[in-house]
Amino acid sequence: MQITDDLQKLLDVLPNEIRQPLEQHPGRDKLVEVVLDLGRLPEARFAKQAEYLSETPVSKEQLNYCVDRVGNFGGDNRAGLERTLHRISAIRNRSGEIIGLTLRVGRAVFGTIGMIRDLVETGQSILMLGRPGVGKTTALREIARVLADDLQKRVVIIDTSNEIAGDGDVPHPAIGRARRMQVARPELQHQVMIEAVENHMPEVIVIDEIGTELEALAARTIAERGVQLVGTAHGNRIENLIKNPTLSDLVGGIQAVTLGDDEARRRGSQKTVLERKAPPTFEIAVEMLERQRWVVHESVADTVDTLLRGRQPGYQVRTTSETGEVTITHETPQAPSLMRPAMSGGSRISSTHDAPPRPMGWRASGQMTPLPMQSESTRGMRAEPQNLLARGEESASTSLPVSSNLAPSFEQMLDQSWHQPQAIGNETFVGPNGEELPLHVYPYGVSSQQLEQVIRVLNLPILLTKDMDSADAVLAIRSHVKNHSKLRHIAKARQVPIHAIKASTIPQITRALRRLLDMDDSQVLDVPELSLFTSSGSEDEIEALEEARLAVEQIVIPKGQPVELLPRSSKVRKMQHELVEHYRLNSDSFGEEPNRRLRIYPA
């Protein structure tokens, strides 16, 4: 890389007592900016450190000395030095007087866009994102030069603060043959953008710092006229632009849409979803994480669509070594990792997920093992429905008998369940028909959120797909299969089996997926993962589910007696109903709020 900075011209602006330490400093080539604040020590900031330049605070006379040697300050409180890329920014007090200066070194670095030169040559519009100081303006200047000189295109730069092509009427040589249009006031940038297209017939427009809604709309107008755009915007990642209502139009804009019943069932989502409103203004986005490490999204439309669906998009990571060699790696979202044993039979595989360290015990894992049966002395159970209300607790809606023997026994069982060792990871098996795992399942009318929750918690080697051609099986609601002959015909033509469930509930989804993997044994009721049935995983939800689990395993199944649980909210009762359904038992809610509770019946 070749670097041109004209540093001496910037140092000549400083008073002697501040300039001399910088001229003799061994790291002057790494100087980033000089900060002068009234009444404070002058400071020089380098790439990795900062140093004071004098033991004497900055005076008003020193500030005036600098101001007299630079150009006029514009509406954005910025000035420059003619035919250089340096920028001087002012801080004013309430009276408009200058009380601070930031003198930033501007450098023309040739060869900085080697990482994305192939993208520049495609003719597609490119958006550069990154934090301040990461080198967006330097890259923009080099892109303009390459397009004008190497690719022989008509390039016009909209230079609002004279930062790209320098101060003065004659632009800096770093932009090559590209032309520069200056902007009188920052709020007029969008007008100058349109004027450039209408008056000067450019093939490429280069814009720095798109920051307002009018500028975003002007950029869309320019792109729709067939002009290539290269610009920068405020924000580190594409997610920042999606959440920014002012600039979201740069990536297509976001709107809420209402899906039809069939489409909502096909997607397995809610009827109201967020979608991209229009094609993106910029086809390519580059996230400048570091000076030598950039993330490239070659299709902004696909990236935004993937993010709006709650998934992580794939992208490229491009890095440059010290020798200038560019390395491109493709990053894809992590999928469940499958570990196959090295044996010819290969009938069993282990499925593991990388997860951060979690607390030990059933509260973290959500899985419990059955407790030992209680001794005869603790089995003073009544034949009528048991009531698990705490001893002495009264119900406003109805007065039910409370077993004095049961309350301590249940509290003891609950207390024993708090401190159990974490279960060892599950094992999964190959599909019943020899399908290659992971199994691709096409959901129809089944909640994608519930499916993903079951797959994640049980660590199943299953991937959801929206492509019928790549599906190994279809999981659908029974009523939808009966009413939609088209689904049956497509599945039959592609020889894809359809597995129907009665309703989109956690227990039925769990049993269906286990059957797909030939893991279901109807004779054995496995211990459920409690985290399957929770929505937030809060302590209250887990405790309520643990209460229901203990009631089923300790009373309802072994003794054949109905049990009443503690009063819970309707949301928590629904979770308890689903947990009871997992054991193939029936349950009802009875009583009035706030004492409405669950009653579990034996089979």
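Colleague: In which order do the 6 strands form an open sheet, and what makes some of them edge strands?

Modeller: The order is β4-β3-β2-β7-β6-β5, with antiparallel pairing, where strands are DSSP runs of E of at least two residues and helices are runs of H or I of at least four, numbered from the N terminus. Two strands pair if DSSP finds at least two bridges between them; β4 (50-52) and β5 (78-80) each have a single partner strand, so one side of each is left without a neighbour in the sheet. Neighbouring strands here are turned by 20° against each other on average, direction ignored, with axes fitted to C-alpha atoms, for helices over the stretch in contact, and angles running from 0 to 180 degrees between N-to-C directions. This is a predicted model, in which local features need pLDDT of at least 70 and side-chain atom pairs count only at pLDDT 80 or more, whereas totals for chains, interfaces and linings use all residues. Residues are numbered from 1 along each chain as its sequence is written, and side-chain values use heavy atoms, with hydrogens and water left out.

Colleague: How do you know that strand β2 and strand β3 are joined, and which helix packs on the sheet?

Modeller: There are 4 bridges between β2 (residues 31-37) and β3 (residues 43-46), which run antiparallel, and Leu31 has Phe46 as its bridge partner in β3. Helix α3 (residues 60-67) packs on this sheet by touching β2 and β7 (98-104), and its direction makes about 50° with that of β7; a contact here requires heavy atoms within 4.5 Å.

Colleague: Why is Thr56 called exposed, and which residues does Thr56 touch?

Modeller: Exposed means over 50% relative accessible area, buried under 20%, and partly exposed in between, with a 1.4 Å probe and protein chains only; Thr56, at 51%, therefore counts as exposed. This residue is in the loop between β4 and α3, and it touches Leu41 and Pro42 when residues up to four places away in sequence are not counted. Its C-alpha atom is separated by 8.8 Å from that of Gly39, 17 residues apart along the chain.

Colleague: Why is Arg83 called partly exposed, and what is the phi of Arg83?

Modeller: Arg83 has a relative accessibility of 37%, and therefore counts as partly exposed. Arg83 lies in the loop between β5 and β6 (87-92), with a positive phi of about 65° although it is not a glycine. Most residues other than glycine have a negative phi. Glu209, in strand β12, also has a positive phi, near 60°, and it is partly exposed because its relative accessible area is 32%.

Colleague: In which order do the 9 strands form an open sheet, and which strands stand at the edges?

Modeller: The order is β11-β10-β12-β13-β9-β16-β17-β18-β19, and the pairing is mixed. β11 (179-182) and β19 (326-331) stand at the edges, since each has a single partner strand, so one side of each is left without a neighbour in the sheet. Within this sheet, 4 bridges join β17 (residues 293-297) to β18 (residues 315-320), running antiparallel, and Arg293 is bridged to Thr319 of β18.

Colleague: Which residues lie nearest the centre of the second largest pocket, and what does its lining divide into?

Modeller: Of the 46 lining residues, Gly133, Val134, Gly135, Thr138 and Arg291 lie nearest its centre, and α5 gives the most to the lining, with 5 residues. By class the lining divides into 15 nonpolar, 15 polar and 16 charged residues, where Ala, Val, Leu, Ile, Met, Phe, Trp, Tyr, Cys and Pro count as nonpolar, Asp, Glu, Lys and Arg as charged, and the others, Gly among them, as polar. A pocket is an open set of points on a 1 Å grid over the protein atoms alone, where a 1.4 Å probe fits, with protein on both sides within 12 Å along at least five of seven lines, and lining residues have an atom within 4 Å of a point.

Colleague: How do helix α16 and helix α18 pack?

Modeller: α16 (residues 506-516) and α18 (residues 570-582) pack at an angle of about 35°, with their axes 8 Å apart. Ile506, Pro507, Gln508 and Arg511 of α16 meet Glu578, Glu581 and His582 of α18.
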